[in-house]
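Student: Please take a close look at one part of the model shown here, namely its charged side chains and the ground around them. A connected account would be welcome, with the cut-offs behind each term.

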Amino acid sequence: YESSDKSMAYADFKTKYEADAVADVVSKQPIDISVPYDAPAKLAYESSDKSMAYADFKTKYEADAVADVVSKQPIDISVPYDAPAKLAYESSDKS
């Protein structure tokens, strides 16, 4: 109030100042930017030819997505720790 032009009474200034402060805090509250779980399926459906119902499309889309992820998983090419011993045993006379 002391640095203002004092064009209003202190009580009015205080009320306006507090209301402005509350409005400023409220305006800075977090905004919900969450993405719906099925957003990718919805987006894909919207860009498709819509030849099937959305529920069927979503089921197929999710199955295809899982299949894509599974197909990209590394293949286990590890060698069992006892492979040399087993190979030596198999090529021996097994006595």
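Tutor: In the charge count, Lys and Arg are taken as positive and Asp and Glu as negative, with His and the chain ends left out; each charge is placed at NZ of Lys, CZ of Arg, CG of Asp or CD of Glu. By that count the protein has 11 positive and 18 negative side chains, and the centres of the two sets lie 1 Å apart.

The model is a predicted one, in which local features need pLDDT of at least 70 and side-chain atom pairs count only at pLDDT 80 or more, while totals for chains, interfaces and linings use all residues. Residues are numbered from 1 along each chain as its sequence is written, and side-chain values use heavy atoms, without hydrogens or water.

The setting comes first. The protein contains 4 helices and 0 strands (DSSP runs numbered from the N terminus, H or I of at least four residues for helices and E of at least two for strands). Along the sequence this gives the pattern α-α-α-α. The radius of gyration, taken over C-alpha atoms, is 34 Å, whereas a compact globule of 95 residues would have one near 12 Å; the globule rule is 2.2 Å times the number of residues to the power 0.38. Along the principal axes, the C-alpha trace spans about 110 × 45 × 15 Å. The protein exposes about 8600 Å², of which carbon and sulfur atoms supply 61%; the areas come from the Shrake-Rupley method with a 1.4 Å probe, and for residues only the protein chains shown count as cover.

The charged pairs can now be examined. Side chains of opposite charge can pair when their charged atoms come close. The structure holds 5 salt bridges, each being a side-chain nitrogen of Lys or Arg within 4 Å of a carboxyl oxygen of Asp or Glu.

One of them joins Asp38 and Lys58, with an N to O distance of 3.9 Å. This pair links distant parts of the chain, 20 residues apart: Asp38 belongs to the loop between α1 and α2, and Lys58 to helix α3. Asp38 counts as buried because its relative accessibility is 15%, and Lys58 counts as partly exposed because its value is 24%. Leaving aside residues up to four places away in sequence, Asp38 touches Tyr54 and Lys58 (contact meaning heavy atoms within 4.5 Å).

Helix α2, residues 39-46, also meets helix α3. In α2, the residues Ala39, Ala41, Ala44 and Tyr45 are buried, and the buried residues of this helix pack against α3, which runs over 54-71.

Asp64 pairs with Lys60, their closest N and O atoms being 2.8 Å apart. Both residues belong to helix α3 and are 4 residues apart, about one turn of the helix. An α-helix has 3.6 residues a turn, so residues three or four places apart point the same way. Asp64, with a relative accessible area of 35%, is partly exposed, and Lys60 is partly exposed at 44%. Further along in α3 sits Val70, which counts as exposed at 55% relative accessibility. The C-alpha atoms of Val70 and Thr59, 11 residues apart along the chain, are separated by 17 Å.

Another salt bridge couples Lys28 to Asp24, where the closest N and O atoms are 3.5 Å apart. Lys28 counts as exposed at 62% relative accessibility, while Asp24 is partly exposed with a relative accessible area of 40%.

Two loop residues complete the picture. Ile33 lies in the loop between α1 (10-27) and α2 and is exposed, with a relative accessible area of 73%. Its C-alpha atom is separated by 42 Å from that of Ser7, 26 residues apart along the chain. Lys50, for its part, is placed in the loop between α2 and α3. Although Lys50 is not a glycine, it has a positive phi of about 55 degrees, and at a relative accessible area of 39% Lys50 is partly exposed.

Conventions:
Buried < 20%, exposed > 50% of the residue type's maximum accessible area, 1.4 Å probe, protein only.
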